[in-house]
Structures are given as structure tokens and as C-alpha cells.
Amino acid sequence: DKLCCVLLCKSFCTMAEVVGVMDSAAPQVGVASSSSPAAAPSGGIKTEQEEPPVVDRAVFIGVVDKLLEADKRRFFWEPVDPKTAPGYLQIIEKPMDLGTIKQRLLGGEYEGRLIDVREDIYLTFDNCKLYNHASTIYHREAKRLEKLARTFLSEAMTVRDALRLVEQKNSLTSASPPTHLVQL
């Protein structure tokens with residue numbers, strides 16, 4: 001199971017994050033601990049409203065890292081400077097950039113609301129397309145990276161779902177047998 005997860009997660013997580021998640025070792029830097037107060041009760045199945053599995057954050061950090069790497073011109077690495085973009089704050093209601101998203105992921109600000117990660121990634125590119133004319137390099141790069149984001153997020157959801165299945169399988173196999181069954 002670990003080998004399967006390592007292969008699935010190869011594109012989105014570092015090896016330390018995968019091993020840390022699968023071995024339930026000490027928490028990794030920037031990765032939530034399963035002993036956090038918001039974690040699901042032991043033995044319970046996690047729902048969308050409860051704390052997401054540890055691996056979610058690592059997978060989404062991987063997506064943002066891949067987008068940062070693809071942004072060769074570094075247009076989306078940090079917030080737009082209103083001094084160099086006249087009227088930006090009058091046009092854009094909620095500024096967003098990939099660097100801010102990564103910092104929020106590392107700081108645990110998206111915990112329990114990982115759909116917000118996806119929305120913020122798209123907001124980054126939507127803002128750029130709204131502010132910049134379609135003929136500009138900024139607009140074209142936003143469209144290119146948005147397309148990559150769709151692919152990366154789709155792949156990440158597949159990886160995340162596979163890792164959740166392994167987490168559930170591991171928790172079921174490590175659980176003690178029910179005491180109410182009669183052994184023959």
C-alpha cells in the first residue's frame with residue numbers, strides 16, 4: 001500500500017510528506033498533525049465537514065508548487081503591487097496570488113476548507129484576466145496557468161482520494177476486532 005501511495009503521490013508530495021503521513025510519524029513541517037484538536041475522533045470515518053486528512057495539505061502544496069514552477073516569469077508568485085498596477089484595487093475586490101496561497105496552506109489557514117484552495121487558485125488567474133487586456137502577456141499566462149491548474153487539481157484529487165482509501169484501509173486493519181462477536 002505504501003509503494004502504491006508513493007507512486008501516486010510522487011508528483012504532488014515530497015517523500016518525507018508521504019512517509020510521514022503513511023507511518024503516522026512525527027508531524028512534518030507545514031503538515032497538520034493527526035493529533036490536532038480538530039482531528040476526527042479515533043475510529044470514526046472522516047466527513048467533508050471534519051478536519052481533512054493530513055495528506056490533503058501536502059497534496060495541495062504540491063499543486064501550488066507545480067504552478068509556481070510553471071510560472072517562469074514569476075507573475076503570480078506574490079501580491080500585485082498597486083503602485084505598479086494603477087487602479088488594481090478599484091477593479092479587483094479580492095487580490096490573490098500563488099505565494100499567499102502557499103503561505104496559507106503552510107500556516108493551516110485552509111484547514112477544513114480545502115475547496116477554498118481551489119477557489120483561490122482560480123481567483124488568482126481570474127483577477128489577472130479581469131485586470132489585463134486579452135492581448136497582454138499577463139492575460140495569456142493566466143490562461144495558460146489556469147489550464148495547468150485544472151489538470152494539476154484533477155490529478156491531485158485522484159491522488160488525495162487514493163491516499164484517503166489507504167488511510168481508511170490502514171485504520172480498519174489496525175482497529176481491534178469487535179468485542180460483541182462470538183468466536184466459535
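Tutor: V117 touches F60, I101, L105 and Y110, leaving aside residues up to four places away in sequence; a contact means heavy atoms within 4.5 Å. This is a predicted model, in which local features need pLDDT of at least 70, side-chain atom pairs count only at pLDDT 80 or more, and totals for chains, interfaces and linings use all residues. Residues are numbered from 1 along each chain as its sequence is written, and side-chain values use heavy atoms, without hydrogens and water.

Student: Which residues touch the most other members in the largest nonpolar core?

Tutor: In soluble globular proteins, nonpolar side chains tend to be buried together. A nonpolar core is a set of buried (under 20% relative accessible area, 1.4 Å probe, protein chains only) Ala, Val, Leu, Ile, Met, Phe, Trp, Tyr and Cys residues joined through side-chain atoms within 4.5 Å. Here the largest core has 29 residues, and L98, I101, L105, V117, I121 and F125 touch the most other members. At least two residues of this core come from each of α3 (54-70), α5 (98-106), α6 and α7 (137-174).

Student: How many helices and strands does the protein chain have?

Tutor: Helices (H or I, at least four residues) and strands (E, at least two) are DSSP runs, numbered from the N terminus. The protein chain has seven helices and zero strands.

Student: How many of the 184 residues count as buried, as a percentage?

Tutor: Of the 184 residues of the protein chain, 37% are buried. Among contacts with a separation of 6 or more, 67% join residues 24 or more positions apart.

Conventions:
Buried < 20%, exposed > 50% of the residue type's maximum accessible area, 1.4 Å probe, protein only.
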